[in-house]
Amino acid sequence: MLWKEVQITTTLEAEEAVVNAFYESGAQGVVIQTLHEVLLIQQDPKVNFVDESLLEIDPDASIVTGYFSEVTNTDEALYLLITRVKALPTFGINPGDCEMMITEIEEDDWANSWKKFYKPTKMGKSMVIKPTWEDYEPAEGDVVINIDPGMAFGTGTHETTQLCAIKLEEYIKPGDVVLDIGCGTGVLSLIAGKLKAKKVVAVDFDTLAVKIARENAELNDLGSMIEIREGNLLDVIDEVADVIVANILAEAIVELSGIIKPYLKENGIFISSGIIIEKLTDVLIALKNEGFKILYVQQMGEWVGVVAQKRG
């Protein structure tokens, strides 16, 4: 089977929005490449070769590649994709020039080649995110989380995921109730489960993400602890949590800050990322206006994570 490979070079700020645009247009798989991730792979002693052309990626750019099967009406899909990307500035998101390249490839050429970009990644003191196809010998104290993104999502190496993961390890206590808003493949939910949370409720509006997150929960024997629901933000939530984590766009975090307090216990912790540096002030103002105390702000690359606490 032939596939259309559609590559868009965009800004780090617009990365997640462009990924969403691909899925909304019918893409059946998406891969994200940034210079930061390529350099991480290059440092891995088990990797013998990295395409040198990848080292020329603009450090301020993200290359988002989507795959459309030959049974897809590609002309219609591309029209929808371009329309959605062009509309991003109306939401305050700068997608840059959005250079696009389209090629035809055989299914075997992409079904497995994308896996070379994902390696075991250690974050925080003990968490190791390990793609299922990679071998890894745990060191003493390592907590290994197996994950299979199903050719569709990241595997926990992105800076925004790491920012959230580090703080989950710091703030979650055994027995806590945790909400994961915009869970994707469920990496953060899996970390919460491994940290002995009593209950984790994860939400994503993407049907494929929900399916993969459920599979990953089962893969790590956490299916009875983690409940994955399909919905937008807090629409399908009725629990009150000790910790809420949201790795989503800054605009969604601003929206979430205005409605989240009833779902968070007194002195509860709200961990957020997906915040491009230029949007940090908007997020901090929104949280402070809602009475949150800002406990921590951390930058990694072009991204920022924020920890806030409910007060009053």
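The charged end of lysine 167 lies 3.3 Å from the ring centre of tyrosine 296 and sits over that ring (NZ of Lys or CZ of Arg within 6 Å of the ring centre and within 35 degrees of the ring normal). The model is predicted, so local features need pLDDT of at least 70 and side-chain atom pairs count only at pLDDT 80 or more, while totals for chains, interfaces and linings use all residues. Residues are numbered from 1 along each chain as its sequence is written, and side-chain values use heavy atoms, with hydrogens and water left out.

The mean pLDDT of the protein chain is 85, and 85% of its residues reach 70 or more; pLDDT is the predictor's confidence in each residue, from 0 to 100. Over residues 41-51 the pLDDT is below 50.

The structure holds two aromatic pairs (ring centres of Phe, Tyr or the six-membered ring of Trp within 6.5 Å; planes under 30 degrees apart are stacked, over 60 edge-to-face, the rest tilted). Phenylalanine 22 and phenylalanine 68 form a tilted pair, 6.2 Å centre to centre with 35 degrees between the planes. Phenylalanine 22 is in helix H1 and phenylalanine 68 in strand S3, 46 residues apart (helices, H or I, of at least four residues and strands, E, of at least two are DSSP runs, numbered from the N terminus). Phenylalanine 22 and phenylalanine 68 are buried (under 20% relative accessible area; exposed is over 50%, partly exposed in between; 1.4 Å probe, protein chains only).

The rings of phenylalanine 270 and phenylalanine 292 have planes at 50 degrees, so this pair is tilted. Phenylalanine 270 is buried, at 1% relative accessible area, and phenylalanine 292 is buried at 5%.

Definitions and conventions. Contact means heavy atoms within 4.5 Å.
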